[in-house]
Amino acid sequence: MADQKATLHLPGKEPIELPIASGTAGYDVIDISSLGSHGYFTYDPGFMATASCQSEITYIDGDKGILLHRGYPIDQLAQNANYLEVCYLLLYGDAPTAKQFDQFQRTIMRHTMVHEQLSSFFKGYRRDAHPMAIVCGVIAGLSAFYHDPMDINNQEHREIAAYRLIAKMPTISAMAYKYSIGQPFVYPRNDLSYAANFLQMMFAVPCEDYKVNPIVERAMDRIFTLHADHEQNASTSTVRLSGSSGANPFACIAAGIASLWGPAHGGANEACLMMLEEIGSVDRIPEFVARAKDKDDPFRLMGFGHRVYKNFDPRATVMRETCHEVLDDLKIEDPLLDVAMELERIALSDPYFVERKLYPNVDFYSGIILKAIGIPTSMFTVIFALSRTVGWMSHWNEMMSDPKQKIGRPRQLYTGAPEREFKTQVEK
């Protein structure tokens, strides 16, 4: 806390002094926690100007296109680290040594199997159920397997919960996919990398060998890395709010998955592919670009620009390079991929998009990559949830370690009816 204070003048009241806090970077914050005792709350729909917590995990400067995990720039992590290294530093605060990483990786890869009884959970869903519905329910169901020995006030127990979730999310996600297409579940393999293991559980079948393409493996790992955490977004805030009540961590992550499911959040790359399908072919692009430029037309190009990044999305630069690597290697002929590449060319050259900084974002490129390697759009948000699990657990653990942590209790501006007398109109 700094010594500076803000003075709030209210009608007919004595001035109120509110402390001003300064973080490592970003805006200063006015501490209004004492405001309620003076008979006032603040009104901030969407919490756009409200800091709900202190955090050391992720920092974003949308105007400058900066995303840091524990101080490390996201482009450096995506280029030079693998996903499990990023998991380690998000959880523990620093990049791991070789010895620390070896131990961490072996621990995660030896927790990838799920209880055999868990497979019966899947049978309760319709075969055409959305994979997000299945994953949300099954993750919540893990609390039934790991509830009794869980002491959320014990740091070691919280660490074990994080290991279990990071390790089992790829397995459960792949099981949801296999169930939806009627194929048998594929068991994890501890000799593969985290990304390669997920790919083999997704695409391997018992009747033949499956070999992971190293370029696709690296692309998958980068997708995981670039979605690992994104500060206090809707799903992370949901996990924190759920956890503030002392709920089981598996239930908290299930709540985060439910929040992520929305098209305004984790469903963005799925919405991007749906847009490409609506356009259909390259020759129809001018029509849709014209509609996007028409402020009176409700059509919007999905996957361009970003709510947070007002300049450019720092994750998109790495994802663009990876996208082109995958497309060049696989040499897939797909009209929708042709549409995507032409849209990219227009967005990077057309003055309308350049002046408004409507560049392709990470959702645009990741959706193209996932489609190219054969992952259906219904699985896109599941993969996002898989990637984000480590971020959620890092924030949950940080919150549980904070001595100032309280149960979340947002206030409201009540605009309903005043107190009135009830008179029944139902005949007795």
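## Helix 16 and the annotated site

Asp363 is buried, with a relative accessible area of 9%; buried means under 20% relative accessible area, exposed over 50%, and partly exposed in between (1.4 Å probe, protein chains only). The model is predicted: local features need pLDDT of at least 70, side-chain atom pairs count only at pLDDT 80 or more, and totals for chains, interfaces and linings use all residues. Residues are numbered from 1 along each chain as its sequence is written, and side-chain values use heavy atoms, with hydrogens and water left out.

Asp363 is placed in helix 16; helices (H or I, at least four residues) are DSSP runs, numbered from the N terminus. Of the 11 residues of helix 16 (residues 362–372), 10 are buried, so the helix is largely enclosed by the rest of the structure. Its cover includes helix 8 (214–226), helix 11 (268–279) and helix 17 (380–401). Just after helix 16, Gly374 takes a positive phi of about 95°.

The UniProt record, an unreviewed entry, gives the annotation "active site" to His306 and Asp363; such annotations may be inferred rather than shown by experiment. These residues span 58 residues in sequence, yet no two of their C-alpha atoms are more than 9.6 Å apart, so they gather at one spot. His306 lies in the loop between helix 12 (285–293) and helix 13.

The table lists contacts (heavy atoms within 4.5 Å), not counting residues up to four places away in sequence.

| Residue | Relative accessibility | Touches |
|---|---|---|
| His306 | 22%, partly exposed | His230, Asp313 and Arg315 |

Definitions and conventions
Helices (H or I, at least four residues) and strands (E, at least two) are DSSP runs, numbered from the N terminus.
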